[in-house]
Amino acid sequence: MTVVARPEELLALAVDVAGEAGRVALESQDGIDVLDTKSSPTDVVTEMDRRCEEMIRERLLQERPGDSVLGEESGTDSGTNSVRWIVDPIDGTVNYLYGREDWAVSVAAEVAGDVVAGAVVVPRHGDIYTAARGAGAACNGQPLRAAQPVRLDRALVATGFGYSAARRAQQAEVLRAVLPQVRDIRRGGAAAVDLCSVARGRADAYYERGLNHWDWAAAALIAREAGVRVEGLHHAPPDSELLLAAPPVLFEELHDLLA
Ligand code: LIP
C-alpha cells in the first residue's frame, strides 16, 4: 500500500527521532571509545553510532511501517512504499570520539527519490536545523537565509578530507590550489554541520570529495531551502566525486577552480 506522506509530517518525525538520538548520544559522549573501524584504521565507529541508528530505525519503522531506511551503520531496510529515510546517526564521529562539539544526527526523508524533509540536530550547539521541500529552512524555528555571495578571494570555505592516505594526498593537492585563492579554509569534521553553516552564513562555501549520501541528504535540502546551490561537478547532483555548496556566483567561481 502506498502510504501518502506530507513533507511536514515527515519533517516532524525526523525532528523527533533525531532529537531523541541526539540526547542519548550527548549523554554518552564523555568517555566514549572506539568500538570498531571501517574503511581505514582512522575511520572509526563507536557504540553510539550503532545504538543511535538502531533507535532511529526502530522508531521510524514503528511510526511508519513499510518505509525503507538507509543508514550509515546498518545499510538498507527495504520497505514496500515510496518513503525512504536516509540516516547518519552521528556525522562527525571522530569529533564525537574526541569530546568535541561539531557532530550531528542527520535524518532525511526521501519520497520517490527526492528528499522532501530533513532534520540536522547539533546537540552540543543546541541547534536543530530543519527544512521541508519548498517551505524554507530554519534553525531553532528561525528562518535561515544564506549570506550574500562574496568574491572568491573573500570567501571563508569549509572542506573535509577522507580516511584513506591516498585520497588525503589528492585532497591536499586540491587544497594547495584553493588556499591562496580564498579568504580562509575551515575543516570542521562533519559534513552536515558544514552544510548547515553555509545555510546560516557561518561559512561562504563548502566542498568535499568522498562523501556518502547519508552525510549530506538532510543538510543539502536545508542549504538549498536557504538559497544555497548544492551540486556536484558540471551540474550533476552531489555524489562521491564532489559536493559543492555556495550561493550562486560564488558557486560558479569555486566550481571552475575545483573542476
Ligand atoms: C565525516 C564527514 C566529514 C568528513 C569526515 C567524515 P563521519 O563523516 O561528515 O565531512 O570530512 O572525514 O567522513 O565518518 O563522521 O560520519
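Which residues are buried in α2? They are M48, D49, C52, E53, M55, I56, R57, R59 and L60, where buried denotes under 20% relative accessible area, exposed over 50%, and partly exposed in between (1.4 Å probe, protein chains only). This is a predicted model, in which local features need pLDDT of at least 70 and side-chain atom pairs count only at pLDDT 80 or more, while totals for chains, interfaces and linings use all residues. Residues are numbered from 1 along each chain as its sequence is written, and side-chain values use heavy atoms, with hydrogens and water left out.

**Helix α2**

- Helices (H or I, at least four residues) and strands (E, at least two) are DSSP runs, numbered from the N terminus.
- Helix α2 covers residues 47-63, and its 17 residues should span 24 Å at 1.5 Å a residue, which agrees with the 24 Å between its end C-alpha atoms. The expected span is 1.5 Å times one less than the number of residues.

**Loop residues with positive phi**

- Most residues other than glycine have a negative phi.
- H234, which is not a glycine, has a positive phi of about 55°. H234 belongs to the loop between β14 (229-231) and β15 (243-246), and it counts as exposed because its relative accessibility is 55%.
- V249, also not a glycine, has a positive phi of about 75°. V249 sits in the loop between β15 and α7 (250-258); its relative accessibility is 55%, so it counts as exposed.

**Largest pocket**

- The largest pocket holds about 780 Å³ of space. A pocket is an open set of points on a 1 Å grid over the protein atoms alone, where a 1.4 Å probe fits, with protein on both sides within 12 Å along at least five of seven lines; lining residues have an atom within 4 Å of a point.
- The lining comprises 35 residues, of which F161, G162, Y163, R187 and E208 are the closest to the pocket centre.
- β5 (83-91), α3 (93-97), α4 (165-178) and α6 (213-225) are the elements that give two or more residues to this lining.

**Ligand surroundings**

- There are 17 residues around the ligand, and D91, G92, R187, A191 and E208 come nearest; a residue is counted if one of its heavy atoms lies within 4 Å.
- A side-chain N or O atom of Y163 is 2.8 Å from an oxygen atom of the ligand.
- D88 has a polar side-chain atom 3.5 Å from a ligand oxygen atom.
- For D215, a side-chain N or O atom is 3.5 Å from an oxygen atom of the ligand.

Note on methods
Points joined across faces, edges and corners; volume = space filled by probe spheres on them. Polar contact = N/O pair within 3.5 Å; in protein donor to acceptor, adjacent residues only side chain to side chain.
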